Amino acid sequence: MDTYTFYHRTVEAWADRVNEVYPDQWKEPTPCRDWSVRDLVNHVVGEDRWTVPLVNGATIAEVGDSLDGDLLGEDPIDAALAAAREAATAVATRLPGGGVVHLSYGDAPIENYVRELACDHLVHTWDLAVAVGADSRADPHLLTEAGAFFQEREEDYRAAGAIGPRATSHGGLQSDLLAAVGRDSEWGPSHAALARVSAAFGRGDVDAIMALMTGDCVFEATGPAPDGVRHEGADAVRAQWEEVFGQTRDALFTEEEAWACGDRGALRWRFDWTEEDGTPGHVRGADVLRFRDGKVCEKFSYVKG
């Protein structure tokens, strides 16, 4: 497949998925753990906006910080589609003439840069699709092109910090590519629910936490030893979170690692607080969770020591 066809088809796939984002989905989590749907789209819009000056010969320094921050404004879909159109037009104009692009790591052939952009659009199209519940299946021809291009560069990208550790493939072209860039191709509602719950605990938002738990939820506390205390039902569980966040000075949960598979999940965390005398305290622990219909129905907590 020629480079422009590969690139243009991935941009079209991206635009199709952007058009499927509903107004209430911009804050939803994505497989990119630090990014909401809006953050993800803003990232790709930034990439598209950078494409125009770079293929026209500009340097990183010349563009400077003009494309930093929020690029979506009040109409993120329109912003994303406009950026995609402008990038595709610039690539169509400049790619046939060849030449180099001035990137942060040095000059690169424009063809390599455009193929890199195509791979990034393809992966982020999947990120967006699973985040908003759209069709996440990619064209096998595009997957073949991306896999071949990426195979020779995977370790370089990983060494540069552009991708995370390799994940486990569940078989097939799409899962193989996603695993290579550190994604679980089975990412779904349980992963999203785990991300929402972790974020709500990080904010200390009891209402948000309970909105993410079922009415018949069960919580097993970390103490007293050896079995902790079992709390059943939303009212009883809410009372525990209200006590933790209402009566603990500077209460703060920080996620250390999260994992989900099927209807089960695990979350490693650190809990910090300040004692009455002003000294800091903390414990590290883990939750074993069960999900039902995108909510937590069981949360069993354990701590070190």
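**View 1. Strands β3 and β8 side by side in a predicted model.** Strand β3 (residues 213–220) runs parallel to strand β8 (residues 295–303), and the two share 4 bridges. Within this pair, Glu220 has Phe300 of β8 as its bridge partner. Here, two strands pair if DSSP finds at least two bridges between them; strands (E, at least two residues) and helices (H or I, at least four residues) are DSSP runs, numbered from the N terminus. This is a predicted model, in which local features need pLDDT of at least 70 and side-chain atom pairs count only at pLDDT 80 or more, while totals for chains, interfaces and linings use all residues. Residues are numbered from 1 along each chain as its sequence is written, and side-chain values use heavy atoms, with hydrogens and water left out.

View 2. Six strands form an open sheet with mixed pairing, in the order β4-β3-β8-β7-β6-β5. At the edges sit β4 (230–232) and β5, each pairing on one side only. From one strand to the next, the twist averages 20 degrees. Helix α9 (residues 189–203) packs on the sheet and touches β5, β6 (264–274), β7 (280–292) and β8; its direction makes about 175 degrees with that of β5. Helix α11 (residues 234–247) also packs on the sheet, touching β3, β4, β5, β6 and β8, and its direction makes about 60 degrees with that of β3. Contact means heavy atoms within 4.5 Å; axes are lines fitted to C-alpha atoms, for helices over the stretch in contact, with angles from 0 to 180 degrees between N-to-C directions.

View 3. Look for Cys261 in strand β5 (residues 252–261). Cys261 is partly exposed, at a relative accessible area of 42% (buried is under 20%, exposed over 50%, partly exposed in between; 1.4 Å probe, protein chains only). His191 is 70 residues away from Cys261 in sequence, yet their C-alpha atoms are 7.7 Å apart.

**View 4. The largest nonpolar core.** This core has 41 residues, and Tyr7, Tyr113, Phe150 and Leu177 have the most contacts inside it. Its largest share, 10 residues, comes from α5. A nonpolar core is a set of buried Ala, Val, Leu, Ile, Met, Phe, Trp, Tyr and Cys residues joined through side-chain atoms within 4.5 Å. Leaving aside residues up to four places away in sequence, Leu177 touches Leu122, Val123, Leu143, Ala146, Gly147 and Phe150.

**View 5. Arg115 and its neighbours.** Arg115 belongs to helix α5 and is buried, with a relative accessible area of 13%. Beyond residues up to four places away in sequence, Arg115 touches Met1, Asp2, Thr3, Phe6, Glu145 and Phe149.
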